[in-house]
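Open the model in your viewer and keep the selection tool handy. We will go from stop to stop, with a word on what is there each time.

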Amino acid sequence: MIAGKKMLVISAHAADYVWRSGGTIAKYIKEGAEVSVVVLSFGVRGESNDLWKQPNATAESVKEIRKGETMAAAEILGLKNIEFWDLEDYPMEFNRDLEDRLVHKIREMQPDIILTHDRFDILNPDHNKVSDFVFRCSVMSNSNGVKIDGTNTTKQMRIFGFEPHQTELSDYKPGSFIDITDAYEQKVAAMQCFKAQSHLIEYYTQRAFMRGNHARRLSGNSTYKYAESFSNYFPTVGPELY
């Protein structure tokens, strides 16, 4: 049952959550889940090359465009809860204050699921750092000894990793496939908001089709046309194998 679930999505850069989990986010929202997204940085330094080619481009002008693109994509996906931490990217660095901030966010929301970056992306060290940061804070959020005023500890939530862009080179292993057929058009429309990285739209459109093929083959369900895949940070636990 998706209805009533709480999902926290933590994205290194402005568009990451759309490329890699936009269909899943839209599906969960449609089916009654509470979804919140934290965008850690706008990707001004490392993920906005086309915008820097514009005459008189500055860090602030690039940031404003990236924020506008991200907000437009969020609206298409039906996302109401999104916050921007406006950290510097390339490289991203995390200190104790940021750890406390994320622990506070996790405890405040008490999510059932966290979506974030997979543990290894061969060509984007920011993604690797975010993966470690999120995992670390998720574990700290469980500990009574980590004191954050006004918060209650969590139980360990499920964490799933985005499929990295350079999938095979990053030794990525899909652990879960989510059917996004009913949300596919929303995902495509959201991706089209990102003029700064328009070269990725076709790639992730093809990726959704390919993962849909895998989902059909593994499930036997012929209605699965498009899908997104995620790695599993933890094994599945339950009374039976599934």
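Helices (H or I, at least four residues) and strands (E, at least two) are DSSP runs, numbered from the N terminus. Before going on, please note that this is a predicted model: local features need pLDDT of at least 70, side-chain atom pairs count only at pLDDT 80 or more, and totals for chains, interfaces and linings use all residues. Residues are numbered from 1 along each chain as its sequence is written, and side-chain values use heavy atoms, with hydrogens and water left out.

Now step back and select H3 itself, residues 59-77. How far apart are the end C-alpha atoms of H3? They are 27 Å apart, in agreement with the 27 Å that its 19 residues should span at 1.5 Å a residue; the expected span is 1.5 Å times one less than the number of residues.

Next, colour the buried residues of H3: Val 62, Lys 63, Arg 66, Glu 69, Thr 70, Ala 73, Ala 74 and Leu 77. Here buried means under 20% relative accessible area, exposed over 50%, and partly exposed in between (1.4 Å probe, protein chains only). Look down the axis of H3: the buried residues fall within an arc of 135°, so they line one face of the helix. That arc is taken from the directions from the helix axis to the C-beta atoms. An α-helix has 3.6 residues a turn, so residues three or four places apart point the same way. Turn to the other side of H3 to find Glu 64 and Glu 75, both exposed.

What covers the buried residues of H3? The cover includes helices H1 (16-30), H2 (49-52) and H6 (184-191), along with strands S2 (34-41) and S3 (81-87); contact means heavy atoms within 4.5 Å.

Show H1 beside H3. The two helices pack at an angle of about 30°, with their axes 9 Å apart. Axes are lines fitted to C-alpha atoms, for helices over the stretch in contact, and angles run from 0 to 180 degrees between N-to-C directions. H1 brings Tyr 17, Val 18, Gly 22, Ala 26 and Ile 29 to the contact, while H3 brings Thr 70, Ala 73, Ala 74 and Leu 77.

Move to His 117 in strand S4 (residues 113-117). With 2% relative accessibility, His 117 counts as buried. Its side chain reaches the backbone nitrogen of Ala 12 at 3.0 Å. Among the residues that His 117 touches, leaving aside those up to four places away in sequence, are Asp 16, His 127, Phe 162 and Tyr 233.

The backbone deserves a look too. Most residues other than glycine have a negative phi, and most peptide bonds are trans. Select Tyr 90, in the loop between S3 and H4: Tyr 90 is not a glycine, yet it has a positive phi of about 50°. The peptide bond from Tyr 90 to Pro 91 is cis, with omega near 5°. Tyr 90 is partly exposed, at a relative accessible area of 34%. Then try Asn 56, in the loop between H2 and H3, where phi is again positive, about 60°. Asn 56 is exposed, with a relative accessible area of 74%.

Finish at Asn 221, in the loop between helix H7 (199-219) and strand S7 (227-232). Asn 221 is partly exposed, with a relative accessible area of 27%.

How values were computed
Polar contact = N/O pair within 3.5 Å; in protein donor to acceptor, adjacent residues only side chain to side chain.
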